[in-house]
Amino acid sequence: GIRLSLPAISCNGALLYDFSTETVLHRSTLNREQATMAIKDILNKFPRMGVEVMAGNGEMYVIHANETTHAHQVDEHLGSIACPIDCVPDGWVKVVFAADPNNIYLEIMPGGVSKATGLQDLCALMNKSIKNTIVIGDYYNDLELMRTAGHAVAVANAPAEVKATADEVTTCTCAEGAVGEYLYALIDRAT
């Protein structure tokens, strides 16, 4: 597989992780007590709700499993740890509530954190200009990031508003290899 040589923005901007050194460069965390209260309250009202907590280095802890949390793990090829809420380590970066029908995901994130702030934090850490960044987006949750980056690309199957925000649009969809298409075009331009 491909090894990333640069840090990654993960957990929707809450975690900056350097895969080459296996270290967390920056972590924005939730108040564990408040998040726990919210989880217990929601499970009390919706006992079939799936709950996942991203903590530590972005590992996924399944607090309450259902068909949707299982599908999430399969679709995203995610490893996960099933455990009670008290066994999740500190450093909670995200809570995901997963409900049927239609695989609806709701997230609790630390306040003021987004993919865009993650990009700003990463540029500041690396002492690089945000004008020299390129992002590829496919959905509404990428809009702020696309507006923040130096250059924005949308994939062919992105919603119209996402395409309208982009500087360019790929001919491939995500599943067809839009990221590869764009990277090869970028390499061609540079060489």
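Predicted model: local features only at pLDDT ≥ 70, side-chain atom pairs only at ≥ 80, totals over all residues.
**Entry 1: the largest core**

I looked up the largest nonpolar core and found 17 residues in it. Ile39, Val51, Val53, Ile63, Val88, Trp92 and Val95 have the most contacts inside this core. I then checked where its residues come from. Helix 1 (32-45) gives at least two, and so does each of strand 4 (50-55), strand 5 (59-64) and strand 7 (92-99). Strand 7 has the largest share, with four residues.

**Entry 2: Trp92**

Which residues does Trp92 touch, leaving out those up to four places away in sequence? I listed Ser28, Thr29, Leu30, Arg32, Ala35, Thr36, Ile39, Val53, Met54, Ala55 and Ile85.

**Entry 3: positive phi**

I went through phi next. Most residues other than glycine have a negative phi.

Cys11 has a positive phi, near 50°. I placed Cys11 in the loop that runs between strand 1 (8-10) and strand 2 (15-18). Is Cys11 buried or exposed? Cys11 counts as buried because its relative accessibility is 10%, and the cut-off for buried is under 20%.

Asn127 is not a glycine either, yet its phi is positive at about 55°. Asn127 sits in the loop between helix 3 (115-126) and strand 9 (134-137). Its relative accessibility is 71%, so I logged Asn127 as exposed; exposed means over 50%.

Definitions and conventions: Residues numbered from 1 in each chain as written. Heavy atoms only, no water. Core = buried A, V, L, I, M, F, W, Y, C linked by side-chain atoms within 4.5 Å. Buried < 20%, exposed > 50% of the residue type's maximum accessible area, 1.4 Å probe, protein only. Contact = heavy atoms within 4.5 Å.
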